[in-house]
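Hello,

Here is the structure I promised to pass on. Please have a look at it first, and then read my notes below.

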Amino acid sequence: MKTTDFDYQLPQELIAQSPLSKRENCRMLHLKKDECSFFDKHFFDVIDLLNKDDILVLNDTKVYPARVIAHRESGANVEVFFLNPINNSNHWEVLTKNAKRVKEGETLNVAADFKIKLIEKRQAENENEIPKYIVEVIFNGDDIYETLNKYGSIPLPPYISREVEENDKDDYQTVFARNIGSAAAPTAGLHFSVELLEKIKQKGVKIAYVTLNVGLGTFMPVKVENLSEHTMHYESFSISAKTADLINNKKGSVIAVGTTVLRCLEATHQKHGKIVETKDKTNIFIYPPYEIKSIDKLITNFHLPKSTLIMLVSAFAGKDFTFEAYKHAVSEKYRFFSYGDCMFIEK
């Protein structure tokens with residue numbers, strides 16, 4: 001299949017710039033693949049679509065403020081996006097803006113107690129990537145995440161055109177986030193409130209967790225036309241023995257909350273033939289006609305045209321049906337992308 005097969009037209013005004021004040025009040029398009037039908041609902045209706053003994057799988061990764069503004073001795077600003085720590089050291093892999101003139105060995109100043117020294121510039125391995133930098137982080141204290149929380153900001157997706165606000169630190173975080181390590185949010189989980197999750201538990205639905213650390217590569221466009229030539233970025237993940245046991249001994253449906261959960265479970269199922277306790281990383285690229293075997297239902301936001309995420313959803317729900325649903329969502333003025341509305345998809 002071709003990248004252009006996954007394009008669609010979206011009016012700019014349908015791109016949500018901020019979340020609703022009450023998360024579960026967002027709209028939800030309910031898709032039934034076997035009937036080729038869809039229904040307009042709200043996310044608080046999700047409790048009626050879940051049954052006793054279903055397993056709702058959430059990604060409990062926690063977003064850290066990965067965007068930092070550093071300064072050269074000349075006074076020029078350099079935007080630094082922290083991606084991955086390297087071998088539990090004070091070395092990090094980062095992306096940058098305005099850093100073409102920064103030389104290896106040069107130190108950038110963030111604050112008196114926070115500096116960033118450029119160690120190495122790594123060239124892109126293929127045309128889908130942009131060059132990354134390896135830096136040494138020099139900071140006071142024991143925890144780099146505390147330092148980033150003090151000086152960094154949330155790196156909102158590029159389609160959110162406004163400036164980052166203080167509220168985004170909470171708005172761009174799920175209520176069940178606990179394992180810090182993501183540069184971007186698992187946005188399907190943003191619709192859940194503490195109260196709604198409690199009601200779901202009271203119905204007899206089992207809650208399971210995985211941790212997949214979302215990288216900024218999730219926003220990278222597909223630059224090749226032939227999908228077989230595209231290389232996905234790697235993301236690290238873990239699955240506990242408890243979650244694996246729940247899924248392997250399921251009595252109801254397995255519902256993945258978000259594409260990150262689906263990728264995590266599917267990569268594990270593909271490798272082991274079932275869900276196992278594991279710590280691993282994956283660059284699995286799912287697109288039609290790939291058959292997804294690890295889950296039964298999917299909760300997901302609306303995704304960018306020609307993105308790997310809409311390709312994944314098309315593999316799960318069927319490409320033609322997915323795009324019929326998107327056409328309906330556009331006509332009904334659903335809100336799109338990270339802070340927007342969502343879909344509940346049944347195979």
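Which residues of H8 are buried? Phe321, Thr322, Phe323, Ala325, Tyr326, His328, Ala329 and Val330 are, where buried means under 20% relative accessible area, exposed over 50% and partly exposed in between (1.4 Å probe, protein chains only). Helices (H or I, at least four residues) and strands (E, at least two) are DSSP runs numbered from the N terminus.

Before I go on, a word on the model. It is predicted, so local features need pLDDT of at least 70 and side-chain atom pairs count only at pLDDT 80 or more, while totals for chains, interfaces and linings use all residues. Residues are numbered from 1 along each chain as its sequence is written, and side-chain values use heavy atoms, with hydrogens and water left out.

On the H7 side the contact is made by Ile310, Val313, Ser314 and Ala317, and on the H8 side by Lys319, Phe321, Thr322, Phe323 and Tyr326.

Now to the cores. The largest nonpolar core has 65 residues, a nonpolar core being a set of buried Ala, Val, Leu, Ile, Met, Phe, Trp, Tyr and Cys residues joined through side-chain atoms within 4.5 Å. Val57, Leu265, Ile295 and Phe336 have the most contacts inside it. Helix H7 (residues 308–317) gives the largest share of this core, seven residues. A second, separate core of 24 residues includes Ala70, Val78, Val110 and Val135. Leaving out residues up to four places away in sequence, Val57 touches Ala208, Val210, Ile247, Val254, Ile255, Ala256, Val257, Val261 and Leu265.

Two of those partners, Val261 and Leu265, are also among the buried residues of H6. Helix H6 (residues 259–272) has 14 residues and reaches 20 Å between its end C-alphas, close to the 20 Å expected at 1.5 Å a residue. Ten of its 14 residues are buried, so H6 is largely enclosed by the rest of the structure. The buried set also includes Arg263 and Glu266. Just after H6, Gly273 takes a positive phi of about 80 degrees.

Finally, some backbone details to check on screen:

- Lys306, in the loop between E16 and H7, has a positive phi of about 60 degrees although it is not a glycine. Lys306 is partly exposed, with a relative accessible area of 34%.
- Lys333 lies in the loop between H8 and E17, with a positive phi near 60 degrees. At 58% relative accessibility, Lys333 counts as exposed.
- The peptide bond from Pro288 to Pro289 is cis, with omega near 10 degrees. Pro289 sits in the loop between strand E15 (278–282) and E16.

Methods:
Contact means heavy atoms within 4.5 Å. The expected span of a helix is 1.5 Å times one less than its number of residues.
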